[in-house]
Amino acid sequence: MALLEVKDLRTSFKTEDGIVKAVDGVSFTVEKGQTLGIVGESGSGKSVTCLTIMGLNAKRTTMSSGEALWKGKDLLRAKSSELRKIRGDEMSMIFQDPMTSLNPVHTIGKQLVEAVQLHRDVTVRVAKARALELLKAVGIPKAEGRIDDYPHQFSGGMRQRVMIAMALINDPDLLIADEPTTALDVTTQAQILNLMKRLQEDFGSAIIMITHDLGVVAETADDVVVMYAAKVVEHAKVHDLFNRPQHPYTWGLMGSLPRLETDTERLVQIPGQPPSLLRPPSGCRFHPRCPYVMGVCRTTEPKLLATERDPSHLQACHLDQETKDREANKLIESTMAEVG
Ligand code: SF4
């Protein structure tokens, strides 16, 4: 059984202007110890997908359907008390900005101890020993001397390490990381990603890595879901996505990968902005921005289907296979020419 199986997940928000369909028919599975990357621009629905799974959307204004089977149990139909038990214990989340999750008026030691005691019947001494163990595991130098410090006494990178310690303190089966390195400089970003990879090996947790950055996906993921305007447009093993990308939106994301040596954007960027989800475009939602748009794209929504050669590689685009292969090869050749 998969650790997490998401089937046809849909989430809508009631707003003053109407209903926003933020997640529209998303399906994927996460296996034990594996990393799934969910990639897309902001507003593509990747964060809302995970907030829905964790039951963290505002109940009054949110409607969800589909299934999110956690070890076979549907989280969408679970009681709030059951979800609270799972969150922070079996499943935990780290966010882009640790200051939104860390309480500024308590020491990090107190917060880590509370995180343990919320789910485990242990003494403060035992919980504090666990807190110290985790602070050392995430590489806080002289952890014994820092455990009674407040969050503002840590740098951005060190705060993110504390958040990772907090997320892993109860040895979760799944860690959901929402843009965990976006606010950090490039060097610290690489350190945090390496740390997460190492800890994943030690702790055996599965990870859902939410990011707008295909570079982060390439570094960390086993499988990748590419989302655009609330829908999955491509889903593949990471190796296949980078060697045979099948969707023009993925090509656009690959074209705007930062070059490692200069950290500047390449010239090829996706034109325009993501659409409003109040009134998404007809047919293929990417059509107003797609350089390959055809008549059918404006009227008929492409289905998410397996490619001819690989049943595990799904894509939603009307282009014929020959064109997809030719354009993907051109992109990969130009990428290699730039790198080489
Ligand atoms: Fe572009 Fe048409 Fe494919 Fe959509 S279906 S990505 S508009 S070619």
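**The ligand site and an aromatic cluster**

Visitor: Where does the ligand sit?
Guide: This is a predicted model, in which local features need pLDDT of at least 70, side-chain atom pairs count only at pLDDT 80 or more, and totals for chains, interfaces and linings use all residues. Residues are numbered from 1 along each chain as its sequence is written, and side-chain values use heavy atoms, with hydrogens and water left out. A cavity is a set of points, on a 1 Å grid over the protein atoms alone, where a 1.4 Å probe fits but cannot get out; a molecule sits in one if more than half of its atoms lie within 2 Å of its grid points. By that rule the ligand sits in the largest cavity.

Visitor: How do the residues of the shell around the ligand divide?
Guide: The ligand is surrounded by residues including His247, Cys284, Phe286, Cys290 and Leu319, where near means that a heavy atom lies within 4 Å. Ala, Val, Leu, Ile, Met, Phe, Trp, Tyr, Cys and Pro count as nonpolar, Asp, Glu, Lys and Arg as charged, and the others, Gly among them, as polar. The shell has 9 nonpolar, 3 polar and no charged residues.

Visitor: How many disulfides does a search of the whole structure find?
Guide: A disulfide is a covalent bond between the sulfur atoms of two cysteines. Here the test is a pair of cysteine sulfur atoms within 2.5 Å. The number found in the whole structure is 0.

Visitor: Is Cys284 buried or exposed?
Guide: Buried means under 20% relative accessible area, exposed over 50%, and partly exposed in between (1.4 Å probe, protein chains only). Cys284 has a relative accessible area of 14%, so the residue is buried.

Visitor: What kind of aromatic pair do Tyr228 and Phe286 form?
Guide: Rings of Phe, Tyr and Trp (its six-membered ring) pair if their centres lie within 6.5 Å; planes under 30 degrees apart count as stacked, over 60 as edge-to-face and the rest as tilted. The rings of Tyr228 and Tyr249 are 4.6 Å apart at their centres with planes at 55°, so that pair is tilted. For Tyr228 and Phe286 the centres are 5.0 Å apart and the planes at 80°, and the pair is edge-to-face.

Visitor: Which residues form one aromatic cluster?
Guide: Both Tyr228 and Tyr249 are buried. Phe286 is also buried, because its relative accessibility is 3%. The cluster is formed by Tyr228, Tyr249 and Phe286.

Technical notes. 1 Å grid on protein atoms, 1.4 Å probe; cavity = no way out; pocket = protein on both sides within 12 Å on 5 of 7 lines; lining within 4 Å.
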